[in-house]
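User: Hi! I am new to protein structures and would like to learn how to read one. Could you walk me through it?

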Amino acid sequence: MKLGRVDLTLPDVPRLGLAAFRNRIVFHLVFIALAVATLALAVALLNEERQRNAQRYEQTFAKSLAEIVAQLRHPSGQLALLNPEPAQLGEGWLAPLVLPFGAIDFDDANKARRAVEMAGCALQYPGGASLCAAVGSNAYAGGFVYLVASLDAPPLVSRERGALEVADVHRVHIRLQPAGGPEQDWLAPVEMLDAQRGQLPGFLVDGPGNTTSLRPRRRPERDFRGWVWREGPCLTAAEPCARRTTVSIRLPVEAFREALFRPGGPQWPPADLARTGVRLSLLGPDGAPLFDSATAGAQAPLSLSRLAAALSPGETLKITRGAHVVALLQGAEETDAPGSPWLMTLIQHLPAPATPRTLAARDSVTTPGGRFDVALTGDLQGLDRTLSASAARLAWPVGAMLAALALAWLIIEVGLIRRVAVLTKRAAALSHQMQQAGQAELGTLDVADLRGRDELGILAGVLSDLLQQARDSLRREQLRAEREHDQWHAVGHEIMSPLQSLMLLHGADEDPSRRYVQRMQQAVKVLYGQASPSEALAAATLAVGRLDLDAFLRQVAANAAYAGIASVAYTAAPEPAWVQADEYPLEDALTHVLTNADRHRVPGTAIQLTLRLQGELAVVEVHNQGPQIDEAQLTRIFDYGVSTADAEDGQRRGQGLFVAKTYLAKMGGSIGARNAADGVVFEIALRRGG
């Protein structure tokens, strides 16, 4: 009986009950619960953080407005309210700002510096220099522009009173560009009163390029007033000693004075103030500027646009003066880590917060220029966007936890659970196959893909080895029983051919031996007809050795007639052929082939026995003339029990070619058949050996 691997179709596999999958279901549910719990924890924390943010924002909203209003009520904030729009001038020009107080006491250095510091009107230049160009908020203080500069300067070279040439002294050069009027140039040479204090008389000069000479017989402008102070310690260890120097100037502007006396009352600040340009420079004796207001890189004073930095995302600050909107500022959105749309949608669907979605607060700031209303509105959607950006940055720990769960599930599922399921299914299929009625086979449990060094791999290997040992034991027992049962039948099959020869030798009816030969044939037929000798032949052992195939074939052809096979013609090879074979089994196999050829040849024709050499093989061809074999049967005629002829005299057919194939395979050879034009050719191939 044939033992092999069980290959069951799907309907033959038994349906396993729910108990077989219980542990696997529990395993999957546990991992699903862990993933859901992780997501639920993340959502709960996100919802709690959203609630806290909303409550904290509601509590600090009014405080934020109070801080903004306090900043606007400071002189620097009032300065920003009075000057909400930047001036539109050319490069290097400064537009005077409107101060939150009436005027600057330019005759006192401390008061002038304090006023500039409080108002925050000074532009800060690289190197520590600063300059404030402004007008007072009081219309009756006169049409003046106040210029207060602070810088580090060496000792100043003073002008002698009455000197017209000022090329070798320190002087201040001021250029004024009124809106719609001619440009004016002022030159104010330094006249030191002592080592720390000096005055700056102002002269109108001709042309912007004239910075070295004054007009003859011209007196300083009466309304132009200027002072210079050098105070504090030396800023350098080497001479000349540089000290902190303050320049304070009151510059008269005729266009501003005209605006004060227009019909309908004073108009202040002037409507064209933002289009009035001023430029100041302090020149040394060599003409090189110690300070120039056109120097690039100056930092502007506080403006309303800077208040936007104090606003949270979603907040809007609206400043109005009557019906006029002075400024409308929006809180900047976070741009470093924008939140994802799906995360924003999730946050908006959370149950928190329980606070109002929109908050509003109002206040006012009173300045010398009027009253300003300040309104702050906040939207919690801005908090949601901020929370979304923060959650997007912190989403990787949750993603890492979910990835770790997925990896753990994948390792256990693929490395253990799925292998257990495969082993269970194969074992169930094998058990189902063994329990079928009339099933005598013991199939294999294929675990080649499940073996390994882990616990499951060892278990699968042990089960497979135990089953293989059981199969081997069962096979040995079956072979032993069948060998004992078929022993005499196999012997009978092997002696049938010699008995045929004896029948020819004792064929005469008067021969007394004929009767005993016939009785022996009958006994062998009875024994042989009970079972196949295939297993006995499979267990046979041959003594393979060196054989002269040419001499062997000559002997077979000469003795063929004694086996009842007449007219066998042999054609030898051109050179000797030594092969590895066992002489007696080879003769038995060749005799079976010749017998088959004799049975199917055309009467009166010879059987051609030819030896040819083909590389490392020696090929014996047995050619008989007669009917061809069906192409579908060419490979099956060597199987046990297959025959192309009907039984004769009750004798079984289909064993001779099987015996020949079995013997040749044990000798390392092969046999095949092919149809020729006039019959059939059998080819026996043996390995050549020196």
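Predicted model: local features only at pLDDT ≥ 70, side-chain atom pairs only at ≥ 80, totals over all residues.

User: In what sense do E23 and E24 pair, and over how many bridges?

Analyst: E23 and strand E24 (residues 679–687) are antiparallel, with six bridges.

User: Now a hairpin, please. Which residue in the hairpin of E14 and E15 takes a positive phi?

Analyst: Start with the two strands. Strand E14 (residues 316–321) and strand E15 (residues 324–330) pair in the antiparallel sense, over six bridges. Across this pairing, Lys318 stands opposite Leu328 in E15. Two residues sit between the strands, and Gly322 is the one with a positive phi, near 70°.

User: And how do I read a residue in a loop? Where does Pro266 lie?

Analyst: Ask where the residue is, how open it is, and what it touches. Pro266 belongs to the loop between helix H4 (254–260) and strand E12 (277–283). Its relative accessible area is 39%, so Pro266 counts as partly exposed. Leaving out residues up to four places away in sequence, Pro266 touches Ala139, Tyr140, Ala259 and Leu260. Tyr140 is 126 residues away from Pro266 along the chain, yet their C-alpha atoms are separated by 8.4 Å.

User: What about aromatic rings? How many aromatic pairs does the structure hold?

Analyst: A pair of aromatic rings is described by the distance of the centres and the angle of the planes. This structure holds six such pairs. One of them joins Trp186 and Phe224, with ring centres 5.2 Å apart. The planes of Trp186 and Phe224 are at 15°, so the pair is stacked.

User: Which parts of the chain does the pair of Trp186 and Phe224 tie together?

Analyst: Trp186 lies in strand E6 (residues 184–189), while Phe224 is in the loop between strand E9 (203–205) and strand E10 (225–231). The pair therefore links parts that are 38 residues apart in sequence. Trp186 is buried, at 4% relative accessible area, and Phe224 is buried too, at 3%. Another stacked pair is that of Trp227 and Trp229, at 6.4 Å centre to centre and 20° between the planes. Both of these tryptophans are buried.

User: Over which ring does the charged end of Arg250 sit?

Analyst: For this feature, look for a charged group above a ring. The charged end of Arg250 sits over the ring of Phe144, 4.2 Å from the ring centre. In another case, the charged end of Arg546 sits over the ring of Trp578, at 4.0 Å from its centre.

User: Last one: how many disulfides does a search of the whole structure find?

Analyst: The search finds two. In one, the sulfur atoms of Cys121 and Cys132 are 1.9 Å apart. The torsion about this S-S bond is about -110°, so the disulfide is left-handed. Cys121 lies in the loop between helix H3 (109–119) and strand E2 (123–124), and Cys132 in strand E3 (residues 130–135), so the bond ties together parts eleven residues apart in sequence. Cys121 and Cys132 are both buried.

Conventions. Residues numbered from 1 in each chain as written. Heavy atoms only, no water. Pairing = 2+ DSSP bridges. Helix = DSSP H or I, 4+ residues; strand = E, 2+ residues; numbered from the N terminus. Buried < 20%, exposed > 50% of the residue type's maximum accessible area, 1.4 Å probe, protein only. Contact = heavy atoms within 4.5 Å. Phe/Tyr/Trp six-rings, centres within 6.5 Å; stacked < 30°, edge-to-face > 60°. Lys NZ or Arg CZ within 6 Å of the ring centre and 35° of its normal. Disulfide = S-S within 2.5 Å.
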